[in-house]
Amino acid sequence: MRKVDLIVIGAGPAGMSAARRAAQQGLDVLILDEQPAAGGQIYRNVGQANAKRSEILGKDFIHGQTLTKGLDHANIRHLKGAVVWQIEEGTRVSYTQNGIGAIVEGQRILLATGALERPMPVPGWTLPGVMTAGAAQILLKQSGIACQNAVLVGSGPLLYLIATQMVRAGVPPLAIVETQTKADLAKSMRHLVGALRGWSYLLKGLHMLWELRRAGIVRHVAATDVAIEGDQRAQAVVFITGKTAHRIECDTVLMHHGVVPNTQAARSIDIPHQWDAAQSCFVPDCDAAGRTAVSTVFIAGDGAGIGGAKAAALMGEIAALEIAHDLERLTKTDRDAATQDLHKLLATERSARPFIDAAYPPYAGAIAPADETIICRCEEVTAGDIRRFAGLGCLGPNQTKAFGRPGMGPCQGRYCGLSVSQILSATNDMSLDDTGYYRIRPPLKPVTLGELASMDVSASEG
Ligand SMILES: Cc1cc2nc3c(=O)[nH]c(=O)nc-3n(C[C@H](O)[C@H](O)[C@H](O)COP(=O)(O)OP(=O)(O)OC[C@H]3O[C@@H](n4cnc5c(N)ncnc54)[C@H](O)[C@@H]3O)c2cc1C
């Protein structure tokens, strides 16, 4: 079996910067990422970006090339298209690549698995023609394809970013239907002074709004009763603002109301998690260096709590230095000296977050969806089903599996877990921490019998 000092799972900003820093400290690093190229969500496919695509996606996107180039180091090996589906004993990682299964062992593991878009279950969200705004952005980054006749629905800065990228691509959205309210903005104001330390984010936000205005993009704010109409596919978005009912005909609906940590891998090895009320999501317990209750496993980046790409990269570096110290490649004094400035930069990077989180909370209608709304898309379980299970005495998401199989399909709960926890919590009048989440077990991602059968431990040498 191949053995390395550090296995990094995820080649986004956190994983890439961690790998580079660890390699510079002399560690033998293996990066596993299911994508065909390094970059993660924000810098997806950045290595292949031509001038036109770079212009559309913006300066921040191109910055990712510095990180991807950093992987060019003798101590780093990056396995592309490597899907991790099991972690054992805090040191052994099983993955498949090109249809072949393999196991690798690391003295330390860094989970840099990033974020997922928050599920946004509203009536009609399972119709063809509806997808997450992030998925539309993936099409743009990966293949240069922009969705036509699209309406963006939800809240958050990523919605504005994707709208501006569509404008620059020459395929502007028909409208943006936003769910945050003036009351949310008023609440966010108490974080404004702190947020001024992260002024560049505020400036970026204002610039995006100006760009959208200049392009004549219609914004509907404080939308409620959002639903997607259509027979065989999405044909219109309907919603209410104030006392006015709206209906916008469209071919595509792009939904987004924030991102949440992708905690599947951390949960699969029983790292404790807690509910973060400010970000409305579960976050894993880890210290400032990313160290978890499993002594050999660290977490960095959005997977440890949403902070954005620059914060993710800083967290990756901090974790790498801590791991280097753990493995006796760096003295405590040198580690402290090296991390001092990184912690300061990280605090600045995070300073605008409370303002952003308060100004763009998740859409209330998707947190408490109507009974007939499908929650678990894989197994077609509705919000009403979850409430009925609660009525039968179901206290936690894991129990719902026995009642109706939510979370047991191919996505293994990634896209319904949060909704199921929130619906149960509200129905049973229990806290989110007491309600908990699915118990995640391997395989984290679908793995075929053929891939299992092909598992040859010696094949993963070298
Ligand atoms: C769809 C989407 C689009 C986004 N677009 C932007 C944007 O344009 N601009 C912006 O500022 N922020 C964007 N964000 C937020 C952004 O992702 C983060 O702030 C930043 O990328 C976090 O970096 P990270 O390294 O923590 O994780 P990520 O960049 O998300 O990288 C995590 C990596 O882990 C890999 N991974 C996860 N699980 C496994 C597994 N089991 N096996 C193998 N590999 C695995 C993923 O393939 C991914 O490459 C986006 C988020 C999402 C969800």
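A residue counts as near a molecule or strand here if its C-beta atom, placed from the backbone, lies within 6 Å of it. With that in hand, we can begin at the ligand: of the 37 residues around it, Gly12, Gly40, Gly114, Gly134 and Gly301 come nearest. Among the elements giving two or more residues to this shell are helix 1 (13–24), strand 4 (82–88) and helix 6 (157–168); helices (H or I, at least four residues) and strands (E, at least two) are DSSP runs, numbered from the N terminus.

A word on the model itself. This is a predicted model, in which local features need pLDDT of at least 70 and side-chain atom pairs count only at pLDDT 80 or more, while totals for chains, interfaces and linings use all residues. Residues are numbered from 1 along each chain as its sequence is written.

Now let's step back to the domains, whose bounds come from an automatic or database domain assignment. The ligand shell draws at least three residues from each of domain 1 (2–116 + 260–330) and domain 2 (119–257). Ten residues of domain 2 are in contact (C-beta atoms, placed from the backbone, within 7 Å) with 13 residues of domain 3.

Next, look for an open sheet of five strands, ordered 8-15-9-10-11 with parallel pairing; two strands pair if DSSP finds at least two bridges between them. At its edges, strand 8 (130–132) and strand 11 (218–220) each pair on one side only. Five bridges join strand 9 (residues 150–154) to strand 15 (residues 252–256), and Ala150 stands opposite Thr252 in strand 15.

Key. Contact = placed C-beta atoms within 7 Å.
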